[in-house]
Amino acid sequence: MSSMNGKVVLITGGARGVGEEVARRLRRKGAKLVLTDVDVEPLAALAAELGGDEHVLTAVADVRDLPAMQRAVDAAVGRFGGIDVVMANAGIASFGSVLQVDPEAFKRVIDINVVGVFNTVRAALPSVIERRGYVLVVSSLAAFTSAPGLAAYHASKAGAEYFANTLRLEVAHRGVDVGSAHMSWIDTPLVQDAKSDLGTFREMLRRMPGPLKQTTTVAKCGEAFVKGIEGRKSRIYCPEWVGLFRWIRPVVATPLGERDIRRFTPELLPELDAEVAALGRSTSARTEALEK
């Protein structure tokens with residue numbers, strides 16, 4: 001019998017991408033799910049697929065809204081008795097240089113990717129402590145590296161990592177384990193939309209050094225996440241080589257480590273900014289539509 005059988009797992013951003021994949025895998029292992037998202041239709045469809053009300057509770061909730069997240073947690077506790085695992089997964093990206101990016105889009109990335117993590121954890125933590133559970137904060141390889149035109153995303157994912165590091169210290173004596181997840185490019189709607197919108201994004205990936213140009217499947221990422229959740233890991237890497245960047249981070253942020261990226265930035269960054277200006281938006285069309 002799986003260690004997740006009967007466990008109650010809260011996943012934000014649960015309607016698509018990695019959240020959806022992890023939800024499917026954990027449900028097959030017998031977990032009960034609490035899924036939040038702002039994308040109504042895919043959230044409802046996934047819940048129906050995974051067994052409906054008996055096994056899945058959904059909440060249309062914006063992670064930027066602490067009272068909404070608290071209501072979702074309260075409903076989960078009322079339905080299932082408590083929460084064992086939290087996966088703070090909801091996240092977006094913006095594109096464009098610091099001079100070009102829409103300031104409101106920049107702020108939205110920070111609000112969702114950092115404040116949203118806080119709101120999720122703050123709402124669920126009393127129940128997780130009661131059950132001596134596990135918190136997984138979804139960060140990224142972006143916490144260890146940098147790429148031009150993605151300042152908000154890198155700043156937010158570094159913030160998410162250090163939030164997890166601090167939380168780990170605060171709750172270890174309460175029997176709660178805390179992990180952060182770090183992935184390279186995953187074939188999620190976020191990356192798919194960026195590739196569709198921006199030719200310069202595709203070209204930037206092509207010119208990235210070594211493994212940084214690779215895109216990993218959602219299935220492989222979901223497998224790594226579930227394994228890490230079951231093992232209550234302090235860090236989850238997908239692919240495994242991402243873990244190396246945690247240790248060489250000081251070198252990555254030197255002129256030598258940035259050499260290849262510095263070479264193409266003078267050419268590609270103005271082109272990226274021109275594409276963003278032509279689109280009239282700094283985030284994906286999907287993200288913009290969900291804001292309305």
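Me: Which residues line the second largest pocket?
Reply: This is a predicted model, in which local features need pLDDT of at least 70 and side-chain atom pairs count only at pLDDT 80 or more, while totals for chains, interfaces and linings use all residues. Residues are numbered from 1 along each chain as its sequence is written, and side-chain values use heavy atoms, without hydrogens and water. A pocket is an open set of points on a 1 Å grid over the protein atoms alone, where a 1.4 Å probe fits and protein lies on both sides within 12 Å along at least five of seven lines; lining residues have an atom within 4 Å of a point. Lining the second largest pocket are K220, E223, A224, K227, G228, K233, R235, I236, Y237, C238, P239 and E240.

Me: Which element supplies the largest share of that lining of the second largest pocket?
Reply: At least two lining residues come from each of α8 (218-230) and β9 (235-238). Five residues make up the largest share of the lining, and they come from α8.

Me: How many residues in the lining of the second largest pocket are charged?
Reply: Asp, Glu, Lys and Arg count as charged. Five lining residues of this pocket are nonpolar and one is polar. The charged residues of the lining number six.

Me: How many residues apart in sequence are the parts tied together by R64 and E291?
Reply: The side chains of R64 and E291 form a salt bridge (Lys or Arg side-chain nitrogen within 4 Å of an Asp or Glu carboxyl oxygen), with N to O at 2.5 Å. R64 lies in the loop between β3 (56-60) and α3 (66-80) and E291 in helix α12 (residues 285-291), so the parts tied together are apart in sequence by 227 residues.

Me: Which residues are joined by salt bridges that share partners?
Reply: The whole structure holds 21 salt bridges. One of them pairs R262 with E258 at 2.8 Å, N to O. Elsewhere, bridges with shared partners make one network of D62, R64, R108, E288 and E291.

Me: Is D177 buried, partly exposed or exposed?
Reply: D177 forms a salt bridge with R232, with the closest N and O atoms 2.6 Å apart. This pair links distant parts of the chain, D177 being in strand β6 (residues 177-183) and R232 in the loop between α8 and β9, 55 residues apart. Buried means under 20% relative accessible area and exposed over 50%, with partly exposed in between (1.4 Å probe, protein chains only). With a relative accessible area of 32%, D177 is partly exposed.

Methods:
Helix = DSSP H or I, 4+ residues; strand = E, 2+ residues; numbered from the N terminus.
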